[in-house]
Amino acid sequence: MSCKTKSYDIKDLKLSSKGKLRIEWADNQMPVLETIRNRFKKEKPLDGVRLSACLHVTTETANLMRTLKDGGADVVLSASNPLSTQDDVAASLVEDYEIPVFAIKGEDNDTYYKHINSAIDHKPQITMDDGADVISTLHSDKPEQTKDVYGRTEETTIGVIRLNSMAEQKVLKYPIIAVNDAKTKHLFDNRYGTGQSTIDGILRATNILFSGKTVVVFGYGMCGRGVATRAKGMGANVIVIEIEPLNALQAVMDGFRVMTSIEAAKVGDVFITVTGDIHVLRKEHFEMMPDGAILANSGHFDVELDIPSLEKMSKSKRRIRDFVDEYTLKSGKKIYLLGEGRLINLAAAEGHPASVMDMSFANQALAAEFIYKNHNELEKKVYTVPEDIDKEIARLKLESMDISIEKLTPEQEKYLSSWEIGT
Ligand SMILES: NC(=O)c1ccc[n+]([C@@H]2O[C@H](COP(=O)([O-])OP(=O)(O)OC[C@H]3O[C@@H](n4cnc5c(N)ncnc54)[C@H](O)[C@@H]3O)[C@@H](O)[C@H]2O)c1
């Protein structure tokens, strides 16, 4: 299919009017991105740059794409997860904003990679990833194209972990800006965004009462903290599983029970993984779990749950509700898997609220501008977002909330930069 001159692949163009209204609704909650967009419209800092983004196709991403296009970039978008695409948003981006999209909710693995390849065929000079799928496809399948890339941005923790290991092995072929590592990204998006939207996804999929349930959260990083705190706030008894002593200790001091995964498997009602690790829940856990246990993952990849083992242990499986698969084990016990083990906040809900994505995507837009301006000087390594960009985003967010903060007096400035004054 083609939109004006460009090709695209989405579910149904007729969904565009609903998508447009939802994009506008999200835009109301994204004042920082709007400020950047207004500047981009005037200054065109990305004039003529070919940019391929591989992000969750949501209303918030749509507003980022609009911002980049208004900044002069020639943008295309593919999905960063087969289940997270909002088909109405994809339709509106094509129909109303003339931005080519390659994404269909529920697409199979082949289509998912076909779509990523369509984004790569755009011959991008800047790429944006959420989970490093474009960069790994480019590096392994089309290495000759990497020489044309000025740089790229990465949205999530697991992507940054992979890129750091590519940099260490010296296989990285262009510079990266780790948007995830900006303070205005991970301290807010991962914590408050994933925290709220993971619970939202579980509730939309199941409509269970959290109050009184035993909820086991795997990982007490930024996402895990958000999930655990929100589950506790809803009246759940929360258990945290960690491998890092420091994070485990913080969980204890924040008032959570901390134990091993095997102990927790025996008593949990709802199990939520947010570690970025593999097979965090596996056969030995499924064997221990009470009848009716619910499993959800909000970490980037579905490998956090060992689904092949669950399949092997089961004598039957049926879809009992949208996003809920009931596995009946050979013992007769039932285990419920939500959203096929994929990011539950994006599969069954709408991902992070726009207000928090406002800061994450402000980072993306400014990081793209930074790459374009500085690409001649940047080396083939992973950079964090420059501190002045991070601080400016925090300042703009506070301003949009009509919050003024304290300023140092000249006396305080002098005092804080001196060492002579003692008791
Ligand atoms: N759902 C979303 O929308 C969303 C948003 C942001 C990040 N993510 C993803 O969520 C995951 C976690 O992100 P984060 O920012 O919290 O990372 P993080 O590094 O801050 O935290 C991960 C934590 O998991 C712990 N961990 C690792 N293996 C473990 C295991 N086997 N058992 C128990 N704990 C273990 C680590 O020690 C660490 O404390 C990543 O995959 C990230 O890409 C998802």
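The legends below describe close-up views of a predicted model.

**View 1. The largest pocket and its lining.** Helix 8 provides the largest share, with five residues. Sorted by class, the lining of the largest pocket holds 21 polar, 15 nonpolar and 10 charged residues.

View 2. Glycine 276 belongs to the loop that runs between strand 12 (270-273) and helix 12 (283-288). Its relative accessible area is 37%, so glycine 276 is classed as partly exposed. When residues up to four places away in sequence are left aside, glycine 276 touches Ile158 and Glu304. Threonine 67 lies 209 residues from glycine 276 along the chain, and the C-alpha atoms of the two are separated by 30 Å.

**View 3. The second largest pocket.** This pocket has a volume of about 320 Å³. Of the 20 residues in its lining, Lys105, Phe323, Ala347, Ala348 and Ala349 are nearest the centre. Two or more lining residues come from each of helix 1 (16-28), helix 4 (87-95), helix 8 and helix 14. The lining of the second largest pocket comprises 10 charged, seven nonpolar and three polar residues.

**View 4. The largest nonpolar core.** In soluble globular proteins, nonpolar side chains tend to be buried together. The largest nonpolar core of this model contains 54 residues, and Leu51, Leu64, Met65, Leu68, Leu93 and Val101 touch the most other members. Helix 15 makes the largest contribution to this core, with 11 residues. Around leucine 68, the contacts are Leu46, Leu51, Ala73, Val75, Met128, Ala365 and Ala368, with residues up to four places away in sequence not counted.

**View 5. Tyrosine 112 and tyrosine 113, an edge-to-face pair.** The structure contains four aromatic pairs. In the pair formed by tyrosine 112 and tyrosine 113, the ring centres are 5.1 Å apart; the planes stand at 85 degrees, and the pair is edge-to-face because this angle is over 60 degrees. Is tyrosine 112 buried or exposed? With a relative accessible area of 4%, tyrosine 112 is buried. Tyrosine 113, in contrast, is partly exposed, with a relative accessible area of 33%.

**View 6. Tyrosine 150 and tyrosine 372, a stacked pair.** The ring centres of tyrosine 150 and tyrosine 372 lie 5.9 Å apart; their planes meet at 25 degrees, and the pair counts as stacked because this angle is under 30 degrees. Which parts of the chain does this pair tie together? Tyrosine 150 is in the loop between helix 6 (133-141) and strand 7 (151-154), while tyrosine 372 is in helix 15, so the pair ties together parts that are 222 residues apart in sequence. Tyrosine 150 is partly exposed, at 22% relative accessibility. Tyrosine 372 is also partly exposed, with a relative accessible area of 27%.

Methods:
Residues numbered from 1 in each chain as written. Predicted model: local features only at pLDDT ≥ 70, side-chain atom pairs only at ≥ 80, totals over all residues. Heavy atoms only, no water. Helix = DSSP H or I, 4+ residues; strand = E, 2+ residues; numbered from the N terminus. Nonpolar A, V, L, I, M, F, W, Y, C, P; charged D, E, K, R; others polar. 1 Å grid on protein atoms, 1.4 Å probe; cavity = no way out; pocket = protein on both sides within 12 Å on 5 of 7 lines; lining within 4 Å. Points joined across faces, edges and corners; volume = space filled by probe spheres on them. Core = buried A, V, L, I, M, F, W, Y, C linked by side-chain atoms within 4.5 Å. Buried < 20%, exposed > 50% of the residue type's maximum accessible area, 1.4 Å probe, protein only. Contact = heavy atoms within 4.5 Å. Phe/Tyr/Trp six-rings, centres within 6.5 Å; stacked < 30°, edge-to-face > 60°.
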